[in-house]
Amino acid sequence: MLLTLLLSLVLIAALCILIYAAVGLIQNRKLFTTAPKDIQAAARDHPERFPGARILGWKLAVICIALMIGAFVYGGYDGIQRGFSLRQHFIRFLIMLYLWKAFDIICLDWFLLTKTRFFQHFYPETEGCAGYHSFGFNRKGQTIRIIVFPFVAALMAWITVWIAG
């Protein structure tokens, strides 16, 4: 269980760094697809904050995505080494996905978006957008992910057990 929590923390840390890389370094409004619609409309592309910022941002983004994938792969590998059953793999992956989603909803959608000025710092033109005060703007998408996660966890568990032979 401790490893499952640690791997979940890796997912969360990678997500935080990925958000910073996308918003603070890459600064391409095309990456704002999960933001409220009015913020997406108000955001503009910005020049690089410093030479090489976009390249650094993309490198960080790739590393973060690799860390996220790696957390699940290592979770499966460790489960194989410990002789986990399909059910145990499923539970591990489901816990990881739901902790990741809980962090996303509470810390990113609620706290970062509605309580801090993180996005306005990098995109000052979005100042005053109503989307910064609309927690739950992506309720439908989040609900769909929460419903789909058990199926994703089951698929990952099945693949892991299948690979283990």
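Gln-27 is found in the loop between α1 and α2, the latter helix covering residues 37-42. In this predicted model, the residue has a positive phi of about 50°, although it is not a glycine. That value deserves attention because most residues other than glycine have a negative phi. Is Gln-27 buried or exposed? Its relative accessibility is 2%, and since buried means under 20% relative accessible area, Gln-27 counts as buried.

The protein chain contains six helices and zero strands. Its pattern along the sequence is accordingly written α-α-α-α-α-α. The C-alpha trace spans about 55 × 35 × 25 Å along its principal axes.

The next topic is the division between interior and surface. Of the 165 residues in the protein chain, 39% count as buried. The chain exposes about 9700 Å², and 71% of this area is supplied by carbon and sulfur atoms. As for charge, there are 16 positive and 8 negative side chains, and the centres of these two sets lie 6 Å apart.

Two further buried residues show which parts of the chain meet. Ser-8 lies in helix α1, which comprises residues 2-26. With a relative accessibility of 2%, Ser-8 falls under the 20% limit and therefore counts as buried. Which residues does Ser-8 contact, when its neighbours within four places in sequence are left aside? They are Ile-95, Met-96 and Leu-99.

Arg-92 has its place in helix α4, formed by residues 86-115. Although its side chain is counted as positive, Arg-92 is buried, with a relative accessible area of 3%. Leaving aside its neighbours within four places in sequence, Arg-92 is in contact with Leu-3, Thr-4, Gly-75, Asp-78, Gly-79 and Phe-84. Of these partners, Asp-78 has a side chain that counts as negative.

The aromatic side chains provide another way to read the model. The structure holds nine aromatic pairs. One of them joins Tyr-74 and Tyr-77, with the ring centres 6.1 Å apart and an angle of 40° between the planes, an arrangement classed as tilted. Both tyrosines lie in helix α3 (residues 53-81), three residues apart, which is about one turn of the helix. Tyr-74 is partly exposed, with a relative accessible area of 41%, and Tyr-77 also counts as partly exposed, at 46% relative accessibility.

A second pair is formed by Trp-158 and Trp-162. Why is this pair described as stacked? The ring centres are 6.2 Å apart and the planes meet at 10°, and planes under 30 degrees apart count as stacked. Both residues belong to helix α6 (residues 139-164), where they are four residues apart, about one turn of the helix. Trp-158 is partly exposed, with a relative accessible area of 48%. Trp-162, at 60% relative accessibility, counts as exposed because its value is over 50%.

Note on methods. Residues numbered from 1 in each chain as written. Predicted model: local features only at pLDDT ≥ 70, side-chain atom pairs only at ≥ 80, totals over all residues. Heavy atoms only, no water. Helix = DSSP H or I, 4+ residues; strand = E, 2+ residues; numbered from the N terminus. Buried < 20%, exposed > 50% of the residue type's maximum accessible area, 1.4 Å probe, protein only. Areas by Shrake-Rupley, 256 points an atom, 1.4 Å probe, with all protein chains shown as cover. Charge placed at Lys NZ, Arg CZ, Asp CG, Glu CD. Phe/Tyr/Trp six-rings, centres within 6.5 Å; stacked < 30°, edge-to-face > 60°. Contact = heavy atoms within 4.5 Å.
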